[in-house]
Amino acid sequence: MVMHIRRNPLLCFLMLLMTCGLAVAQQPAAGQQAETGSLLGVGDVVRITVYGQPDLTTVTRIGTNGIITFPLVGDLPVNGLSTTEAERELAGLLELRGIVRNAQINVFVQERGKAIANVTIIGEISRSGLYPLGDDTNTEGITTLVGLLAAAGGPTENASDQLFIIRGDRRIAVDLFRLLRFGEMESNVALSNRDVVLIPQMDVFYAYGQVVRPGRYRLERNMTVMQGLAVASGITDRGSDSRISASRRVDGKVVTGRVELADQLSPNDVIYVGESRF
């Protein structure tokens, strides 16, 4: 099946708001005793040694982006990894780059970073994950929905035009289309610690039969059958606009019936254009 997905127009607005942002996770309390295999987090100070390679000994703090910099290797995301996993990652990179073969590495947490408030974004977003929430002590963190979307790289081409903020037992719906297309900033929700932002996959419809480009398409809000067929490049010379049917799931059953060009489409509708009888 040929798929034809149009670029998401919401990305245009986000390009103006783009900021750097990588996933970070909530950390253990300051002063917590480090143990072999314990998880690494933002603000942790780690001492890295390579057996037989004293020049590679490094003491570094994990940045707010969850990354450390190691000699000859460069940047390495370690936030959320165990010390054992970080050791394996570094050993693999040293081996891959021909620096040290069969490297024996020890990652030791010398100091734990303070707990950091965070928000999570998942679903149809370029860079899902945990992001630091801004407050009086972290002025570089994210405070609003738009800031989070920008830091996470914007919605994907398959994103819905509505998202949800899950806050405890609450589920807050946000009109992403109006927020980003028209700049309706009343929908730019202030975020709270442990919020989860979910961007579902877009609604779609299908066009088959005597259409120029059969396939799967984004369903825009309030889209009619005529508009849907236009997205599929119209009806072929052999097709008839009086022989259009649609299949739709209703109460768990698929119902098929004739539709008019002015009828409104629903998510997952399958439009079929039949051949002209003449």
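The legends below describe close-up views of a predicted model of one protein chain.

**View 1. Confidence along the predicted chain.**
The mean pLDDT of the chain is 83, and 83% of its residues reach 70 or more. Confidence is highest in strand β11 (residues 204-209), at a mean of 97, and lowest in helix α1 (residues 10-15), at 46. Over residues 1-7 the pLDDT is below 50, and this stretch has 18 contacts in the model beyond near neighbours in sequence. Residues 9-37 also have a pLDDT below 50, with 79 contacts beyond near neighbours in sequence. Where pLDDT is low, the predicted coordinates should not be read in detail.

**View 2. Strand β10 and its partner strands.**
Which strands are joined to β10 by bridges? Strand β6 (residues 118-123) runs parallel to β10 and is joined to it by 4 bridges. Strand β8 (residues 162-167) runs antiparallel to β10, with 3 bridges between them. Thr120 has Val196 as its bridge partner in β10, and Phe164 has Leu198. One face of β10, with Val197 and Ile199, is covered, whereas the face with Val196 and Leu198 is uncovered. In a regular strand the side chains alternate between the two faces of the sheet.

**View 3. Asp195 in the loop between α4 and β10.**
Is Asp195 buried or exposed? Asp195 has a relative accessible area of 1%, so it counts as buried. The residue lies in the loop between α4 and β10. Its side chain reaches the backbone nitrogen of Ser192 at 2.8 Å. Leaving aside residues up to four places away in sequence, Asp195 touches Asn118, Val119, Thr120, Ile165, Ile166 and Arg167.

Arg194 is not a glycine, yet its phi is positive, at about 75°. Arg194 belongs to the loop between α4 (176-181) and β10 (196-199). With a relative accessible area of 56%, Arg194 is exposed. Asn222, also not a glycine, has a positive phi of about 60°. This asparagine is in the loop between β12 (215-218) and α5 (225-231). Its relative accessibility is 55%, and Asn222 therefore counts as exposed.

**View 4. Aromatic pairs.**
The model has 3 aromatic pairs. One of them is formed by Phe177 and Phe182, which are edge-to-face, with 5.6 Å centre to centre and 75° between the planes. Phe177 is buried, at a relative accessible area of 16%, whereas Phe182 is partly exposed, at 48%. Tyr206 and Tyr208 form a stacked pair, at 6.5 Å centre to centre and with 10° between the planes. Tyr208 has a relative accessible area of 26% and is partly exposed.

**View 5. Arg171 over the ring of Phe164.**
Where does the charged end of Arg171 sit? The charged end of Arg171 is over the ring of Phe164, 4.2 Å from the ring centre. Phe164 is also the residue whose bridge partner in β10 is Leu198. Leu198 is on the uncovered face of β10, together with Val196.

Terms used:
Residues are numbered from 1 along each chain as its sequence is written. This is a predicted model: local features need pLDDT of at least 70, side-chain atom pairs count only at pLDDT 80 or more; totals for chains, interfaces and linings use all residues. Side-chain values use heavy atoms; hydrogens and water are left out. pLDDT is the predictor's confidence in each residue, from 0 to 100. Helices (H or I, at least four residues) and strands (E, at least two) are DSSP runs, numbered from the N terminus. Contact means heavy atoms within 4.5 Å. Rings of Phe, Tyr and Trp (its six-membered ring) pair if their centres lie within 6.5 Å; planes under 30 degrees apart count as stacked, over 60 as edge-to-face and the rest as tilted. Buried means under 20% relative accessible area, exposed over 50%, partly exposed in between (1.4 Å probe, protein chains only). A charge sits over a ring if NZ of Lys or CZ of Arg is within 6 Å of the ring centre and within 35 degrees of the ring normal. A polar contact is a pair of N or O atoms within 3.5 Å; within protein, one must be able to donate a hydrogen and the other to accept it, and residues adjacent in sequence count only if both atoms are side-chain atoms. Two strands pair if DSSP finds at least two bridges between them.
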